[in-house]
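Colleague: Could you take one part of this protein and go through it closely, with the cut-offs behind each term?

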Amino acid sequence: MGILRPVDPREPSSALAQWKRRRIVKEIVNRGVPATCARCQQRELSIYPRLTYFEMQPLPEMVNVSAPVIEQRIPAALLICGNCGHMMFHAVGSLGLGEIIKSDADSDPDDELEVDQP
Ligand SMILES: [Zn+2]
């Protein structure tokens, strides 16, 4: 693959587990996302070790209705260019990874399955 640098192993324990970051990067690559920064075209992208959440605000005309307004947050992976600092976001749900970010596993469950195969 070679487009996104490996994550820093010194990240705090509360950061997104490395296997989750690898899965996110793998999925982004599999979907044909270019390996270069959208702004400076350099190959200096790396994944930030935490997710970002976009808060979705209700429409103003919906605030006064009697039904409760459900707040929504969209979890997103953040890619940062080490050259120019441009930031790119990918919704993990759209990548089909909404469930893995909730996992408490220390390692990728899919990797463990592969080990058991002959
Ligand atoms: Zn850049």
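Modeller: The buried residues of helix α1 pack against β1 (45-47), β3 and β4, where a residue is buried if 20 or more other C-beta atoms lie within 10 Å of its own, exposed if 12 or fewer, and partly exposed in between, with C-beta atoms placed from the backbone. This is a predicted model, in which local features need pLDDT of at least 70, side-chain atom pairs count only at pLDDT 80 or more, and totals for chains, interfaces and linings use all residues. Residues are numbered from 1 along each chain as its sequence is written. The buried set of α1 consists of Lys20, Arg21, Arg23, Ile24, Val25 and Ile28. Helices (H or I, at least four residues) and strands (E, at least two) are DSSP runs, numbered from the N terminus; α1 covers residues 18-30, and its 13 residues reach 18 Å from first C-alpha to last, close to the 18 Å expected at 1.5 Å a residue, the expected span being 1.5 Å times one less than the number of residues. Just after α1, Gly32 takes a positive phi of about 85°.

Along the sequence, the protein follows the pattern α-β-β-β-β-α, and 15% of its 118 residues count as buried. Of the strands that α1 packs against, β4 (residues 87-91) has the highest mean pLDDT among the elements, 96, whereas helix α2 (residues 109-115) has the lowest, 66; pLDDT is the predictor's confidence in each residue, from 0 to 100. Another of these strands, β3 (residues 72-81), pairs with β2 in the antiparallel sense over 5 bridges, pairing requiring that DSSP find at least two bridges between the strands.

Methods
Two residues are in contact if their C-beta atoms, placed from the backbone, lie within 7 Å.
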